[in-house]
Amino acid sequence: MPRRTMIEAIRDAMDVSMGRDERVIVYGEDVGFFGGVFRATQGLQAKYGKSRCFDAPISESGIVGSAIGMAAYGLRPCVEVQFADYVYPAYDQIVSEAARLRYRSNGDFTCPIVVRMPTGGGIFGGQTHSQSPEALFTHVSGLKVIVPSNPHDAKGLLIAAIEDPDPVIFLEPKRLYNGPFDGHHDKPVTPWSKHELGEVPDGHYTIPLGKAAIRRQGSAVTVLAYGTMVYVAQAAAEETGIDAEVIDLRTLLPLDLDTIVASVKKTGRCVVVHEATLTSGFGAELVSLVQENCFYHLEAPVARVAGWDTPYPHAQEWDYFPGPARVGRALVETLEA
Amino acid sequence: MADAGMLRFHVPEPEVRPGGTPDFSNVTIPKAGSVPRPEIDVDPRTIRDMAFSIIRVLNRAGEAVGPWAGLLSDQELLEGLRHMMTLRTFDARMQMAQRQGKTSFYMQHLGEEAVSCAFRKALQPGDMNFPTYRQAGLLIADGYPMVTMMNQIYSNEADPLKGRQLPVMYSSKEHGFFSISGNLATQYIQAVGWAMASAISNDSRIAAAWIGDGSTAESDFHAALVFASTYKAPVVLNVVNNQWAISTFQGIARGGSGTFAARGLGFGIPSLRVDGNDYLAVHAVAKWAAERARANLGPTLVEYVTYRAGAHSTSDDPSAYRPKAESDAWPLGDPVIRLKNHLIQKGVWSEDRHTQAEAEILETVIAAQKEAEGHGTLHAGGKPSTRDMFEGVYAEMPPHLRRQRQQAGV
């Protein structure tokens, strides 16, 4: 089976979708001729023409707003916001328009769009190229929110997102584009070509939205993670020798609550991890759901490991990033509690 | 000479406030028929002055004059008059229904009826409007059932939107009327996107974007102009300048540009101003812009110069911020009276027939209202179910919403 980087897998998902369905249109800043700053759309304009893949003005609200109009017309736009940190000018279009169009028009108009954006830190991007704004979208009724953690999932989830009848926010952990990253920034990164989840089948396949995956079986504690933190959590388990079960949520909204509840009821302990800032983060929702659904099975308080509640710093990146040492400490404390 | 002293902060003010004498002497009104009608493939650079003039067809004597006249038959004009009168009567009844507590909120069109009623007749089936809350004439003039509009206003059991939207936020794909958000300006760039999609699909349908003078200050307006200009989108970009954004006079959004139409010039978009109270002029300019769009000539920006004679909404009191008699002093008159006088002048209409038509229309609107109220009003009679509240958030209801619906006991 061919191995691909996450960028190649994402590009392949758009290529497959554009080949199968003429309604799929791809655009964004630097997306056309150049193929995007991360090269996710490289070659698509040459293959499908300028009407199907093109450069957009630097206007995120314009990109998403026009995509909503295209979707209302009957196309299936898959647009790129260059960094998740740049999505805020489009927030009104996403929250007030895309998310509510089906509801407010009682299905008269719908909004099958995908908004792709690189998310998360680990690349010395400072406060404007490192944020993880997923909670700003999981709080919005009408959206679906995806954070893939590997090339195989990224392709299958992106094709499913493009085919979904509702608006999907597709957050791509940019630190994972070239290989799994476990938080050990001082060690060489394993490329996807050497990782089994870098195996990406050719052609069309989907991974259903709303289904988590168990990345590491374990019996002592459940770790709920997504994106880059899946690998950080796995490293923390290995390094502490704790028999943790690591769940890769993959879709945050709608959430696979069944998989979470089954695991926590089995282990009796839970640690929630994410890169995003702690306060009002998606972890708060996860902790709350675990408490509501697993309270009588819990043997310890549910712990959270997250980014500190500061803007994402530049020089202090590795003091900020919740690496394997911090996650490991939380695992130990949860077991000792 | 430049003033090198202390910096001073500038806040524009309208000419007159409550208690003052209305004064529109600063509004230059060109003579009807005086503005030329260029070919649709005109080089936009040669018609920049049109962004600072006003295209008018009906003169003070009620005659249709000049190069923009002569597009509509007597029958079509009589029909147009009926649409405007219907909208006005509809508004009056719904305004009253709100005061009677039958709904929470209403927004009327008083003084602006020509804009949406005449524009609709310049479009073809399949074209799509992205309206604001003050273009219900697009529906009335397209034969959308008044009962359905009222069902929506009352949020009753027959409301096509299942009680989910504020009154007047209609939606009808079938009638080329995009779902109204209630947010401002968001629909402007969406209209451009719809038009881009039509061009990408090698279709022949065009889009029309709508916005008010105040909301042109939103960034989505400017994004829309960039996208429309860059991709030559087949879209008519409408700005309804009714002088007032709730209590804020148009000078606050307009700044130093002179006119709202002039906003289009920097984008190379042909930009026209038209007498928004002149049914014939609105229709002629809309048709010109629609033909340009359909001929792959790209977007046109049209500013409709009109006046919001009524309150912004049922929650507004204009006497607090503008002279009461200001609307009587508005130099472009009333759109219904002007078209009525034109038709009388042509010998195809009379005061008697007008009075009779008013009575007939009132009867029709009351009949529709009775039928709608049979399905309930906001606080009485049939209403959408609590179950409806949970439907339609997604194509397929996700597990968390299903659980919440169960918790709600429905």
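Q: Which residues point one way from E4(A), and which point the other way?

A: This is a predicted model, and in it A:Val114, A:Arg116 and A:Pro118 point one way from E4(A), while A:Val115, A:Met117 and A:Thr119 point the other way, and all are buried. The strand, which covers residues 114-119 of chain A, is accordingly mostly covered, with six of its six residues buried.

Q: With which strands does E4(A) pair, and in which sense, parallel or antiparallel?

A: Strand E3 of chain A, residues 76-80, is joined to E4(A) by three bridges, and these two strands run parallel. E4(A) also pairs with strand E6 of chain A, residues 168-173, in the parallel sense and over six bridges. You can follow both pairings at A:Arg116, which is the bridge partner of A:Glu80 and which stands opposite A:Phe170 in E6(A).

Q: How do I read the chain as a whole, and what is its radius of gyration?

A: For a chain of 337 residues, a compact globule would have a radius of gyration near 20 Å, and chain A agrees with this because its value is 19 Å. Its C-alpha trace spans about 60 × 45 × 40 Å along the principal axes, and the chain holds 12 helices and 12 strands. Of the 337 residues of chain A, 60% count as buried. If you take the contacts in chain A between residues at least 6 apart in sequence, 76% of them join residues at least 24 apart.

Q: How is chain B divided into domains?

A: Chain B is divided into domain 1, made of 44-313 + 322-379, and domain 2, which is 385-410. The centres of these two domains of chain B, taken over C-alpha atoms, are separated by 36 Å.

Q: How many residues of chain B are in contact with chain A, and which elements give two or more residues to that side?

A: The size of an interface is often given as the accessible area lost when the parts come together. Here we can count residues instead: 36 residues of chain B are in contact with 36 residues of chain A. The elements that give two or more residues to the chain B side are helix H5 (186-200), helix H6 (219-231) and helix H13 (399-407) of chain B, and the largest share, 11 residues, comes from H5(B). By class, this side of chain B has 18 nonpolar, 14 polar and four charged residues.

Q: What should I look for in a nonpolar core, and which residues have the most contacts inside the largest one?

A: In soluble globular proteins, nonpolar side chains tend to be buried together. The largest nonpolar core in this model has 218 residues, and those with the most contacts inside it are B:Ala209, B:Val235 and B:Val285. Helix H8 of chain B, residues 279-294, gives the most to this core, with 11 residues. Leaving aside neighbours within four places in sequence, B:Ala209 is in contact with several residues, including B:Phe130, B:Tyr188, B:Ala191, B:Val235 and B:Leu237.

Q: Which residues have a positive phi although they are not glycine, and are they buried or partly exposed?

A: One of them is A:Ser280, whose phi is near 60 degrees, and which is found in the loop between strand E11 (270-277) and helix H10 (282-294) of chain A. A:Ser280 counts as partly exposed because 13 other C-beta atoms lie within 10 Å, and a residue needs 20 or more to be buried. B:Val168 has a positive phi of about 75 degrees and is found in the loop between helix H4 (146-154) and H5 of chain B. With 23 other C-beta atoms within 10 Å, B:Val168 is therefore buried.

Q: Where is there a cis peptide bond in chain A?

A: A cis peptide bond joins A:Leu253 and A:Pro254, with omega about -5 degrees. A:Pro254 lies in the loop between strand E10 (251-253) and helix H9 (257-267) of chain A.

Technical notes: Residues numbered from 1 in each chain as written. Chains lettered and ligands numbered in written order. Predicted model: local features only at pLDDT ≥ 70, side-chain atom pairs only at ≥ 80, totals over all residues. Contact = placed C-beta atoms within 7 Å. Helix = DSSP H or I, 4+ residues; strand = E, 2+ residues; numbered from the N terminus. Nonpolar A, V, L, I, M, F, W, Y, C, P; charged D, E, K, R; others polar. Rg over C-alpha atoms; globule rule 2.2 N^0.38 Å. Buried ≥ 20, exposed ≤ 12 C-beta atoms within 10 Å, placed from the backbone. Pairing = 2+ DSSP bridges. Core = buried A, V, L, I, M, F, W, Y, C linked by C-beta atoms within 7 Å. Domains from an automatic or database assignment.
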